[in-house]
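Hi everyone, thanks for making time this morning. Let me put it on the screen.

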Amino acid sequence: MIKVEGLTKRYDRFEAVHGIDFEVEKGQIVGFLGPNGAGKTTTMRILTCFMPPTEGKASVAGFDVMTQSMEVKKRIGYLPETPPLYPEMEVEEYLTFVGRLKGMPAAEIPSRVKQVSERCAVADVSKKLISKLSKGYRQRVGLAQALLHNPDVLVLDEPTAGLDPKQIHETRDLIRSLGGEHTIILSTHILPEVEQTCEYVVIISKGKLVAKDSVANLTSRLRGQETVSVEIEGRVDAGAVKERLEKVDGVSRVTAKEERGGGLVVEVESVAGRNVRTEVARAVVNAGWGLHELKTASVSLEEIFLELTAPEQGDDKGKKK
Ligand SMILES: Nc1ncnc2c1ncn2[C@@H]1O[C@H](COP(=O)(O)OP(=O)(O)O)[C@@H](O)[C@H]1O
Ligand SMILES: [Mg+2]
């Protein structure tokens, strides 16, 4: 439904988005995750035809954002970072106005305004001035305007930013309920948001793609398995340690991490549901190495996110292979 290929955006000489590729299938809810300044808003503005890419291509429902923007706009609803609201208008009046702007048939507008107002839980404030609304209500009016022409695709830029916990909860429920019927890409810099709302995640950092996978895959890759950190005393050969520990039943991977104070630290990953600590300890001792420390190094999605988006680490990922 959404296809992004080698997308690059330069502002003057500053490259905000650097050759990213991803696809979103019909009916998916995809989280577009990255720290502030990663290039999320830039990418979303390109997808919604607000500005052209410098290089690369993007298409929505098979229509190119550059050459077929009218077709794209018909199929896309956009909630920008700051919803495009008119404070001096009443909610119903505003949504009616948006309907006209979007070129919807006049006869359809009132019933559609009513429908989206109910769907987005703003029907009870339809005669209120937008300036008098709470942030949560305003955000839902923003969602209602994005939904008004019943687009296939919704592009939501940080839809829960600035909301209180209760409003965040309500907004997430609403977004989840829109999935399936609509294809949704939502940006966020908050990880739990992705875990709670999305099925897939595209992670960017400094304009570069760092990961794309299903949330279930990423989470089980990181949570279902246990990682044990083992510190061995003295001068030992990392290759020999790796070879020995990889033979332990239930161990899936051994990575030499660092040499510390004359010792060696390795990380031992196990297959989901296996506790390999006792066997790993036994293997180290039986090999005649000094076991200095053995502890669980649990890895969360949070940690992988931090690692993937850290300034120093992951720099090689962006380099040409
Ligand atoms: N109009 C612009 N001119 C110059 N630089 C910009 C402009 N808009 C955004 N940037 C820069 O591009 C980078 C990505 O911004 P943005 O896409 O807004 O990131 P995000 O939404 O992930 O926080 C930032 O470093 C930002 O300062
Ligand atoms: Mg942004």
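Let's begin with the ligand. One thing to keep in mind is that this is a predicted model. So, what surrounds ligand 1? The shell consists of Y11, F14, A16, G34, N36, G37, A38, G39, K40, T41 and T42. Two elements give two or more residues each to that shell, namely β2, residues 14–24, and α1, residues 40–47. Of the elements, α1 gives the most, with three residues. If you like to think in residue classes, the shell divides into four nonpolar, six polar and one charged.

Let's stay with α1 for a moment. Is this helix mostly covered or mostly uncovered? It is mostly covered, with six of its eight residues buried. Those buried residues are K40, T42, T43, M44, I46 and L47. K40 and T42 are also listed in the shell around ligand 1. After the helix comes C49, and its phi is positive, near 65°.

Now to the sheets. One of them is an open sheet of six strands, in the order β6-β7-β8-β3-β9-β10, and the pairing is mixed. Which strands stand at the edges? They are β6, residues 76–79, and β10, residues 208–214; each has a single partner strand, so one side of each is left without a neighbour in the sheet. On average, neighbouring strands here are turned by 15° against each other, if we ignore direction.

Within this sheet, please look at β3, residues 29–33, and β9, residues 200–205: they pair in the parallel sense over four bridges. You can find G31 opposite V201 in β9. Helix α5, residues 135–147, lies across β6 and β7 and runs at about 160° to β6. Helix α6, residues 165–178, lies across β3, β7 and β8, at about 150° to β8.

On to another open sheet, made of four strands in the order β12-β13-β11-β14, with antiparallel pairing. Here β12 and β14 are at the edges with a single partner strand each, so one side of each has no neighbour in the sheet. Neighbouring strands are turned by 20° against each other on average, again ignoring direction. The pair β11, residues 227–233, and β14 is antiparallel over six bridges, and E231 stands opposite E293 in β14.

Helices pack here as well. Helix α9, residues 238–246, touches β11, β12 and β13, and its direction makes about 155° with that of β12. Helix α10, residues 277–286, lies across β11, β13 and β14, running at about 165° to β14.

One residue I'd like to point out is R253, which sits in strand β12, residues 251–260. Why does R253 count as partly exposed? Because it has 14 other C-beta atoms within 10 Å, while a residue needs 20 or more to be buried and 12 or fewer to be exposed.

Finally, a word on confidence. The chain averages a pLDDT of 88, and 90% of the residues score at least 70. Over residues 313–321, though, pLDDT stays under 50, and the model has seven contacts beyond four places in sequence for that stretch. Where pLDDT is low, the predicted coordinates should not be read in detail. Thanks, and I'm happy to take questions!

How values were computed:
Residues numbered from 1 in each chain as written. Chains lettered and ligands numbered in written order. Predicted model: local features only at pLDDT ≥ 70, side-chain atom pairs only at ≥ 80, totals over all residues. Near = placed C-beta within 6 Å. Nonpolar A, V, L, I, M, F, W, Y, C, P; charged D, E, K, R; others polar. pLDDT = per-residue confidence, 0-100. Contact = placed C-beta atoms within 7 Å. Pairing = 2+ DSSP bridges. Axes fitted to C-alpha atoms, helices over the stretch in contact; angles between N-to-C directions.
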